[in-house]
Amino acid sequence: MTTEAAPPPGSTGTPQASPGPTAEEFATVQQSAEFAELRRSYRSFAFPLTVAFIAWYLLYVLLSSYAGGFMGTKLFGNINIAFVLGLAQFGTTFLIAWLYSRHAAAKLDPKASAIKARMEGGK
């Protein structure tokens, strides 16, 4: 797509690409202790919660499939255990998302910002 508009005053008309980090600089950062700490901090939070949530979800599915009598137990009115546990699935999803956002803001974002600033500053 071309345009008939003139380039802004003071420009040469051709966009200048900002020089970014090289592949070697990315590889160096990837091998750094600072980046390893960022990865470890992420993994130590994300993996256990992922495993716990999958186990909780599979428990719900297995109980629904093989423990129909238990899941059909009425708690009050037409509300049974299956319904409450099903709603709890949504609750735990939102809880995990909230916990992750707090963890990321407190632990991951500062480390990632420091790495980014170092990379952009060429230090």
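User: Is R40 buried, partly exposed or exposed, and what is the relative accessible area of R40?

Analyst: In this predicted model, R40 is partly exposed, with a relative accessible area of 47%, because the exposed class begins only over 50%.

User: Which residue forms a salt bridge with R40, and how should I read such a pair?

Analyst: Side chains of opposite charge can pair when their charged atoms come close. Here the partner of R40 is E37, with the closest N and O atoms 2.8 Å apart, and both residues lie in helix α2, three residues apart, about one turn of the helix. E37 is itself partly exposed, at a relative accessible area of 29%.

User: Which salt bridge links distant parts of the chain?

Analyst: That is the pair of E34 and R118, whose closest N and O atoms are 2.0 Å apart; E34 sits in helix α2 and R118 in helix α4, 84 residues apart. Both are partly exposed, E34 with a relative accessible area of 30% and R118 with 26%.

User: Which residues make up the largest nonpolar core?

Analyst: In soluble globular proteins, nonpolar side chains tend to be buried together. In this structure the largest nonpolar core has six residues, V29, L38, A104, L108, I115 and M119, and helix α4 (residues 81-121) supplies the largest share of this core, four residues.

User: What does L108 touch, leaving aside residues up to four places away in sequence?

Analyst: On that count, L108 touches L38, S41, Y42, Y100 and H103. Of these, S41 is found in helix α2 (residues 33-66) and is buried, with a relative accessible area of 4%.

Note on methods:
Residues are numbered from 1 along each chain as its sequence is written. This is a predicted model: local features need pLDDT of at least 70, side-chain atom pairs count only at pLDDT 80 or more; totals for chains, interfaces and linings use all residues. Side-chain values use heavy atoms; hydrogens and water are left out. A nonpolar core is a set of buried Ala, Val, Leu, Ile, Met, Phe, Trp, Tyr and Cys residues joined through side-chain atoms within 4.5 Å. Buried means under 20% relative accessible area, exposed over 50%, partly exposed in between (1.4 Å probe, protein chains only). Helices (H or I, at least four residues) and strands (E, at least two) are DSSP runs, numbered from the N terminus. Contact means heavy atoms within 4.5 Å. A salt bridge is a side-chain nitrogen of Lys or Arg within 4 Å of a carboxyl oxygen of Asp or Glu.
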